[in-house]
Amino acid sequence: MSKKRKLDRVIAVLLGTLATSLELTAATTVMWREEPWLLFGSLVLHIVAGLTCVGAAWFRAPLSQVESDIVLLTAMFVPVFGPMIAWTIPVGDDGRRLAGSSEMLHRVEEDILSSASVYERQIYSGDFDSDLSRELNAMSYYEVLRSGDLDQKRNALRKLAQLGEPRHMRMIKNYFEDPEPELRLCAYLEIDRLRTHRETHIAELRQRIRAAKERAPDPVALAEIEACATELAESLRSYGMSGILDESMARYRLQQALQTANSAHARFPDNWRLALVKSRVYCDLGDYDNAEQALLSLPDAVHDRTSVQLARASLHFHRRQFGEARKIARELDARGQSLPEWLEVLLAGSPEAPASPPSRSTAKPQVPAPQPRIPTQEREPLASS
Amino acid sequence: MLEGTYPFVAGGVSSWVHHLVTHMDDLTFAVLHVSPSKGFYGHKMAYDMPNNVLWLEEIYLHAPFTWRGLFQRRPPASLLHTFSRFIQELRVGDLSGFDDLVEELQTQEGRTKTGDLLLDKTNWATMVDELREGAPEESFLNYFWTWYYAHQPLVNVLTCPLPEARVYHTVSTGYAGALAAAASSYWERPMILTEHGIYTRERRIEIYAADWINDRPGDETIASEAPYFRRFWNRQFQMMSRICYEHASEIFTLYTDNTEEQIRDGASPDKIRVIPNGIDVNRFDLVFDERQARPPNERFTIGFIGRVCPIKDVRTFISAMRLVVEHLPDARIRVLGPWDEDPEYAEECMRFARALELDDNLVFEGRVAVDRALPALDLVVLTSISEAQPLVILEAGAAGIPLVTTEVGCCRELLEGRTPEDRSLGPGGLITPIASPGETARAVLLLAGDPQLRRQMGANLRARVKRYYDQGDMVHAYRMVYESHIVLEELPWQESASSSAS
C-alpha cells in the first residue's frame with residue numbers, strides 16, 4: 001500500500017472516530033438536558049458529525065467501490081443515528097423523567113433533608129411525665145384505651161400486641177365487643193396476626209413430623225420425630241397459654257398439647273422434656289396431682305435443672321404452698337438464675353402479692369355446658385309459635 | 001359505577017346489583033367497573049349479564065407508566081394549572097376545583113396522559129411544597145412514590161371517557177364514587193349513591209394493617225397520631241368519599257348505624273335515607289316447605305354460607321365447629337361458598353380443618369345455589385368480622401332457618417328487630433362477639449340441643465324477613481328514586497347498542 005493511501009486511511013479512521021464521538025455527545029446532550037441552547041448545540045454537533053463523515057468518505061473513496069459504499073452509507077446514516085437515539089429515548093421534558101429523574105429526586109431529597117435527621121429516634125417529647133413514664137415502660141396503654149381518640153386507641157392496640165403478654169391479649173380481646181366497628185376490626189387484626197403466626201408454626205411442625213414418619217425407621221428420622229413432637233407439645237401449650245385464644249379454644253389446645261406429649265412420651269420414654277411438658281400442661285389445666293406425678297417420673301439427673309425447678313415452683317404456687325415455691329426461688333436466685341416476674345415478686349414479698357405464674361387454672365374444666373344468654377330474652381319474650 | 005364487585009366478583013353487593021338490574025328490565029344500564037389493573041379479574045364473569053345491560057366497560061386504576069408521544073405537546077397550561085390547584089386544595093379539604101378539573105380532562109378526550117399531568121413541573125413544585133410543609137422529616141423518595149400512586153388512580157378514573165346517562169348510580173364512594181361524581185358533573189345529570197359498607201372505614205382498616213406502607217422508624221409514642229403516610233392515604237380516601245357525598249343527589253344506606261359514619265365523613269344528613277336490602281321472599285317458600293318435610297332424625301347440619309376469605313373469618317368458624325363436634329360428634333358441617341377470591345386463605349382453612357381433625361364432619365363444597373342447599377340445613381352460622389347487611393341472613397331467614405352470627409353490620413338488627421314493632425316478632429337467632437369460637441360453639445350447641453327454640457327462632461326470622469325485607473319493596477323504592485331523577489331522552493350509547501344488537 002502506498003504511503004498516501006496509508007495516510008488517507010489514518011485520516012479516514014480519525015474522522016470516523018470523531019464523527020461517532022460527536023454523535024454520541026450530541027445524543028447524550030439531548031437525553032440529559034432540556035435547555036434550548038443545548039438542543040441547538042446538539043443540532044450543530046450532528047451537522048458537524050455529518051460533514052466529518054463526508055470528509056472521511058472523501059479520503060476513503062479512492063480505495064474500492066465496496067469500501068467507498070460502506071463509508072458513504074455511514075456518512076449518510078451517522079447524522080441520523082444520533083437523533084434516533086435521542087428520539088427513541090424520551091427527549092426534552094420527558095428526559096427528566098427517565099434519565100434525570102433519579103438524579104433530581106436525590107437532589108431534592110438532599111435539599112429537603114439537609115436540616116432534618118430523618119431516622120433519628122424521637123424519644124423525648126419534652127413532657128417530663130410522659131417521658132418518664134415511657135422510660136419506665138409504664139406508659140399507660142390502658143389510659144389511652146380508655147380516653148384516647150381513635151388513632152391513639154389503634155396505636156395502643158398495636159403496641160399491646162407487640163408486647164405480647166397474655167394479659168395484653170386479654171386487654172385487646174375486650175375490644176372485640178367495642179361499639180366502634182373500626183376498633184373491633186383493629187383488635188381482631190392484631191390477634192389474628194399473632195394467631196396466624198402460631199398456627200403456621202404448629203402446621204409446619206406437624207408437616208415435619210409427617211415427612212419424618214415416611215422416612216422411619218431411619219434413626220435420623222426418628223430423632224427428628226422426637227424433637228418435633230417435643231416442640232409441638234410445647235408450642236401447643238404455649239399457644240394455649242398465650243392469651244390469644246378464647247377460653248374454650250385455649251383449653252382445646254392444652255388438651256392437644258397433653259395428647260401430643262403423652263403419645264410422644266409413650267414412644268420416647270427416655271425423653272424427660274416430654275414428661276416436663278406434661279407436668280406443666282396438667283398444672284395449667286388445674287390437675288395438680290397428675291402434674292406432680294409427671295414431675296416425679298423425671299429421672300434424678302434432671303431434678304436440679306432450672307426448667308424442672310421452675311415447673312415445681314409453679315406447681316407449689318398453684319397449690320398455694322408459697323413457702324415451698326419461695327424456697328425454690330431462693331435456690332435458683334442463689335445460683336444466679338434469672339427468675340420469671342411472678343417468682344421474683346414471690347421472692348421479694350408476701351404470697352398475696354399480685355403475681356401469678358402463667359396459668360389457666362381458673363378456666364372451666366371443659367367446654368362449658370351450652371347455657372349462653374339469649375340477648376333479647378331480657379327485653380322481649382320469645383313470641384309463641 | 002362499581003368497584004371490585006359485580007359482575008366479576010360474587011358476593012352480597014354483586015347479588016344486590018344483579019337483583020336490581022334484572023328486576024328493572026324496562027330500564028337499560030351501562031356498567032362501568034373500576035378494576036385494579038387490566039386482566040386482574042381475568043375474562044370470567046361471576047354473573048350472566050342481563051339483556052338490559054347494554055354497555056360494560058372496565059376502567060383500570062393502575063395503567064402502565066405513560067407519557068406523551070414524540071410529537072405531542074405538553075398538556076395545556078390551563079389543565080396543568082387546574083390540576084395543580086385541585087391537589088393543593090384537596091390538602092386542605094376544599095373540593096371546589098373538582099368540577100373544573102373534570103371539565104378540562106374530559107375536553108382533552110384522552111389526549112392527556114396521567115404521567116404528563118402528574119409529573120409536570122407545575123405539580124412537581126406543589127408536591128415538594130406539600131412535603132416541606134407537611135412532613136419535612138419524611139423520606140422524599142418514599143413520599144414521591146406515595147404521592148404518585150395516590151393520585152395516579154384518581155387521574156386515570158377521571159380521564160376515562162364518561163358515558164352519558166340519565167342518572168348515575170354508584171354502589172360505593174372511593175374511585176367508583178369519584179367516577180360517578182365526575183360523570184354527574186360533566187353531563188350535569190343526577191347521581192345517587194348506595195353505600196353497603198362504609199368505604200372509608202374499610203380502607204382505614206386496610207391501611208392500618210398494610211405492610212406495604214413504609215413508616216418512618218422511631219415514632220414510638222402511643223399518643224402520637226398515625227404515621228404520616230397512613231394519614232396521607234386515609235386523607236386521600238376521605239376526600240374521594242367527600243367528593244362523592246357532595247355530588248350525590250341522594251345517599252342510601254342499608255341500615256341506620258351506617259348513617260352516623262357517613263355524616264362524620266362529610267355526607268349531608270338531609271340526603272341520607274335507609275333502604276334495606278331485600279330478597280325474593282316467595283322464592284324461599286318452597287325451600288321452607290322442603291325443610292318442613294325433612295325427617296326429624298336426620299343428621300344435624302350446620303351451614304356456613306359465604307366466600308371463603310379472611311373477612312368472613314372462616315378459621316373462627318372452623319375452631320367453633322371443633323368445639324361443637326366435641327359435644328355433637330355426628331354433626332355435619334357444610335362450608336358453602338366460593339374460594340376463588342383468596343385461594344391461599346381457602347387452602348389454609350382446609351389445612352386448618354384437617355389439623356383440627358374435622359375430616360369426618362366438615363366439607364368445603366364451593367359455590368352452590370343457596371336455595372338448593374338451604375333445605376338440608378338446621379342452622380346457619382356467620383363469623384364475619386365485617387358485614388353490612390348480609391343477604392345470607394335474609395335468605396336463611398326466609399327459609400325459616402335460625403342463625404348464629406357475629407355482632408357486625410346490622411346483624412343484630414336483622415336477628416332481633418329494628419323498631420319496637422319489629423322486635424315484637426322475637427329473635428331469629430343468637431349474636432356472638434367476633435373471633436370468639438367458644439361463644440359461637442355455645443350458641444350453636446344451645447340451638448342444636450333445643451329443637452323447639454330453633455323452630456321458634458326460625459319462624460320469628462321468617463316473619464321478619466317477609467314483613468320488612470321483601471325485594472319487591474327494595475326494587476320499588478329504587479324505581480321511585482330513578483324515576484324522580486330520570487330525564488327522558490335517547491342517549492347516544494343506547495342508540496348504538498340497540499342498533500348493534502339488532
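Figure 1. Although Glu188(B) is not a glycine, its phi is positive, at about 55°. Most residues other than glycine have a negative phi, and most peptide bonds are trans. A further backbone feature is the cis peptide bond that joins Tyr6(B) and Pro7(B), with an omega of about 0°; Pro7(B) is placed in the loop between strand S1 (2–3) and helix H1 (12–22) of chain B. Residues are numbered from 1 along each chain as its sequence is written, while chains are lettered from A and ligands numbered from 1 in the order in which they are written. Because the model is predicted, local features need pLDDT of at least 70 and side-chain atom pairs count only at pLDDT 80 or more, whereas totals for chains, interfaces and linings use all residues.

**Figure 2. The four-stranded open sheet of chain B.** The strands follow the order S4-S5-S6-S7 in chain B, and their pairing is parallel; two strands are taken to pair if DSSP finds at least two bridges between them. Strand S4 (168–170) and strand S7 (272–274) of chain B are the edge strands, each pairing on one side only. On average, neighbouring strands of this sheet are turned by 25° against each other, direction ignored (axes are lines fitted to C-alpha atoms, for helices over the stretch in contact, and angles run from 0 to 180 degrees between N-to-C directions). Strand S5 (residues 191–195) and strand S6 (residues 250–253) of chain B pair in the parallel sense over four bridges, and Leu193(B) stands opposite Ile251(B) in S6(B).

Figure 3. Strand S9 (residues 332–336) and strand S10 (residues 362–366) of chain B are paired in the parallel sense over four bridges; Ile333(B) stands opposite Leu362(B) in S10(B), and Val335(B) stands opposite Phe364(B) in S10(B).

**Figure 4. Contact between domain 1 and domain 2 of chain B.** Chain B is divided into domain 1 (1–60 + 162–278 + 470–502), domain 2 (71–160) and domain 3 (281–469), with bounds that come from an automatic or database domain assignment. Taken over C-alpha atoms, the centres of domain 1 and domain 2 of chain B are separated by 23 Å. The contact takes 22 residues from domain 1 of chain B and 19 residues from domain 2 of chain B, two residues being in contact if their C-beta atoms, placed from the backbone, lie within 7 Å. On the side of domain 1 of chain B that touches domain 2 of chain B, strand S3 (53–60), helix H7 (174–187) and helix H9 (228–247) of chain B each supply at least two residues, and the largest share, ten residues, comes from H9(B). The residues of this side of domain 1 of chain B divide into 16 nonpolar, three polar and three charged (Ala, Val, Leu, Ile, Met, Phe, Trp, Tyr, Cys and Pro count as nonpolar, Asp, Glu, Lys and Arg as charged, and the others, Gly among them, as polar).

**Figure 5. Contact between domain 2 and domain 3 of chain A.** The domain assignment of chain A gives domain 1 (3–95), domain 2 (145–268) and domain 3 (271–363), and 22 Å separate the centres of domain 2 and domain 3 of chain A, taken over C-alpha atoms. To this contact, domain 2 of chain A gives 18 residues and domain 3 of chain A gives 13 residues. Helix H11 (219–241) and helix H12 (247–267) of chain A are the elements that give two or more residues to the side of domain 2 of chain A that touches domain 3 of chain A, and H12(A) gives the most, with ten residues.

**Figure 6. Confidence in the two chains.** Chain B averages a pLDDT of 89, and 93% of its residues score at least 70, pLDDT being the predictor's confidence in each residue, from 0 to 100. Chain A averages a pLDDT of 73, and 62% of its residues score at least 70. Over residues 134–138 of chain A the pLDDT is below 50, and this stretch has three contacts in the model beyond near neighbours in sequence.
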